Amino acid sequence: MTRQFDVAVIGAGPAGLAAATEAAQSGLSVALLDEQQAPGGQIYRGIETASAARLKLLGADYAEGRPLVEKFRASGAEYMPGSLVWNVTIDKVVEFSRDGASSRIRADAIIVATGALERPCPLPGWTLPGVTTAGALQILLKASGIVQEDAVLTGSGPLLWLLASQMVDAGVPPRAIVETVPNGRLLQALPHLPKALWQRSYLFKGLSMVRKVRRAGVLIYRNATGVAVEGATFATALNFTAGGKPHRIETRTIALHQGVVPNQQVTRLLRCDHVWDSSQHCFRPVIDAYGATSADGVYVAGDGAGIGGAKAAAIQGQIVAIGLALRAGRGNGERLAHLHSALAKEASVRPFLETLYAPAPQILSPADDTLVCRCEEITAGSIREAVRLGAPGPNQVKSFLRAGMGPCQGRVCGLAVSAIIGEERGETPDDVGYYRIRPPLKPLLLSEIANFATSDAQEHATE
Ligand SMILES: Cc1cc2nc3c(=O)[nH]c(=O)nc-3n(C[C@H](O)[C@H](O)[C@H](O)COP(=O)(O)OP(=O)(O)OC[C@H]3O[C@@H](n4cnc5c(N)ncnc54)[C@H](O)[C@@H]3O)c2cc1C
């Protein structure tokens, strides 16, 4: 028999952990699934096993994850680590692969807390071995204590500076930071500064990271354009223009970053309504004040609902869970007003950061010969050509070219493909839309789908 829960939470980052804890404490039966082997999500990755030295290295914000995980562990929610969710249906069946076999659970409500993904950075040479994302370098550091030597970090966004300062603390500073924030962006962001000052601790933290990286002697290039990775079979150098001059830095390790965007795979699969967020340059699901999407019984909390950071994610998780408990006639809403105002305070810094660190124009509109869909090796030029031949949207481009049909199922190229089509057709992102996402959400072996746990398979056969 398929196991039934009141709530299934997908994702054990701050949003999912807080939501599962709150819901379980209200007396609801809760399952929390995450493909990782340990709770924490992106920001608190490896938090339970981090040594004192690693906790110190990764800073106070990272250490805040420990009490969150401890509360979750004590909450009575059922934790299903190593569970890759590959399908979710509108009747709230969650199918997942764990230890090489698939299972399914049912729930009355689903909380999607699948967080953010790094924005794809299609630029010349980005698919060469040796090129990675800033987040990937940080995962190595958090999960295994490994720091890449001689790395060049390029792009824009707070994570770039956070990673650089963590590398400095680890005693292996990056070779250089090549920032693509255009001159004049700070001026554009200034009108948002007064509101951002409500959360001045974030701004001070940012400034101190920049100071630390500078003091460590890391080469810093600003206002870089024309960023391109050089190499025949692997990355050998980064080329760019800065200060009116061409530069070339030889390196085998290049980390790209242009901010993070909501992971929309599950909400797209469930055909929830989405809207273009012009400040964050990405789609996000449409939700109400309690995280409810347009799909009945499906909720979103955390960065998957729009980028707000770890603290906001945990607050949203609590709000969604309290709302669910109230609907089930449990708990009370006394804390809701406080949580909503804490969420609004957290959000106050976002417009400043979003304007300052908006993605580089080169990324939003890649040159014709730049690969966009890396799985199927489709260039920006062929996507434009497909549009000229009559493909009106991402799904037709997918049929024409196989873009988005590879192992990543559009997770990496989706936003870039929609942006190129919009630019070519002169349409808004909302008009262009996004890939129609289908299961499996992530690559997995056919044997994992075929190998359903016996009880689930039998039930499936009688349905
Ligand atoms: C690579 C990366 C590194 C980051 N590092 C930092 C940082 O150091 N500091 C900081 O302040 N912010 C960081 N951020 C931003 C950050 O993710 C958050 O603001 C915060 O972690 C959001 O919390 P969340 O709970 O919404 O999502 P997350 O913390 O991202 O958690 C989402 C969880 O969902 C799981 N998941 C996703 N899809 C599936 C699926 N199909 N099946 C099963 N599980 C699934 C993931 O494994 C993950 O554990 C980072 C973002 C990224 C993308």
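Mentor: The shell around the ligand takes at least two residues from each of α1 (14-25), β4 (84-88), β7 (116-118), α5, α6 and α11 (310-327); helices (H or I, at least four residues) and strands (E, at least two) are DSSP runs, numbered from the N terminus. The model is predicted: local features need pLDDT of at least 70, side-chain atom pairs count only at pLDDT 80 or more, and totals for chains, interfaces and linings use all residues. Residues are numbered from 1 along each chain as its sequence is written.

The ligand is surrounded by 37 residues, the closest being Gly13, Gly41, Gly115, Gly135 and Gly302; a residue is near a molecule if its C-beta atom, placed from the backbone, lies within 6 Å of it. Domain 1 (3-117 + 261-333) and domain 2 (120-258) each contribute at least three residues to the shell, with bounds from an automatic or database domain assignment. The shell comprises 17 nonpolar, 14 polar and six charged residues; Ala, Val, Leu, Ile, Met, Phe, Trp, Tyr, Cys and Pro count as nonpolar, Asp, Glu, Lys and Arg as charged, and the others, Gly among them, as polar.

Two of the contributing helices, α5 (residues 134-144) and α6 (residues 158-169), pack at an angle of about 35° with axes 10 Å apart; axes are lines fitted to C-alpha atoms over the stretch in contact, and angles run from 0 to 180 degrees between N-to-C directions. Their contact (C-beta atoms, placed from the backbone, within 7 Å) involves Ala134, Gly135, Leu137, Gln138 and Leu141 of α5 with Leu159, Leu160, Leu163 and Gln166 of α6. These contact residues divide into six nonpolar, three polar and no charged.

Note on methods:
Two residues are in contact if their C-beta atoms, placed from the backbone, lie within 7 Å.
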